[in-house]
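Please read them alongside the sequence and the coordinates.

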Amino acid sequence: MAIVVEEGQKKSSGIVSFLMWLLIIGVVVAAAYYIFFKRPELVPVAVPASFQNTAALSKIKLNPDAVVNNPSFQALKSYIGTLTPPTGGRANPFLGF
């Protein structure tokens with residue numbers, strides 16, 4: 001003959017269960033508000049005095065021909081050879097197989 005032992009289910013009080021659900025829903029709503037709807041406060045940043053001249057720098061017109069034809073630029077030497085990709089690999093690694 002088998003002995004059957006059943007544990008009785010512990011019922012929590014209705015008010016305790018209600019308060020736990022209310023707490024869980026409140027935390028989810030508060031987290032959603034702070035993640036999706038609240039605008040972050042902007043931090044005021046004091047710009048250093050050396051950055052005040054950036055407006056003048058943005059108006060400078062650069063002539064690439066003057067740079068290329070400059071003797072100082074022509075005197076530069078390249079100490080690195082041309083780079084070649086390793087052999088045996090795929091030409092485009094992003095293509096499917």
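The numbered points below go from the basis of the model to its surface and its aromatic residues.

1. This is a predicted model, in which local features need pLDDT of at least 70 and side-chain atom pairs count only at pLDDT 80 or more, whereas totals for chains, interfaces and linings use all residues. Residues are numbered from 1 along each chain as its sequence is written, and side-chain values use heavy atoms, with hydrogens and water left out.

2. The protein averages a pLDDT of 83, and 89% of the residues score at least 70, where pLDDT is the predictor's confidence in each residue, from 0 to 100. Confidence is highest in H1, at a mean of 93, and lowest in helix H2 (residues 54-58), at 77.

3. The protein has four helices and zero strands, and its elements run α-α-α-α from the N terminus on; helices (H or I, at least four residues) and strands (E, at least two) are DSSP runs, numbered from the N terminus.

4. Of the 97 residues, 0% count as buried, with buried meaning under 20% relative accessible area, exposed over 50%, and partly exposed in between (1.4 Å probe, protein chains only). The accessible surface comes to about 10600 Å², and 67% of that area belongs to carbon and sulfur atoms; such areas come from the Shrake-Rupley method with a 1.4 Å probe, and for residues only the protein chains shown count as cover.

5. Leu 19, which lies in helix H1 (residues 14-37), counts as partly exposed because its relative accessibility is 48%.

6. One aromatic pair is counted, and the rings of Tyr 33 and Tyr 34 have centres 5.3 Å apart and planes at 75°, so this pair is edge-to-face. Rings of Phe, Tyr and Trp (its six-membered ring) pair if their centres lie within 6.5 Å, and planes under 30 degrees apart count as stacked, over 60 as edge-to-face and the rest as tilted. Tyr 33 counts as partly exposed at 42% relative accessibility, while Tyr 34, at 54%, counts as exposed.
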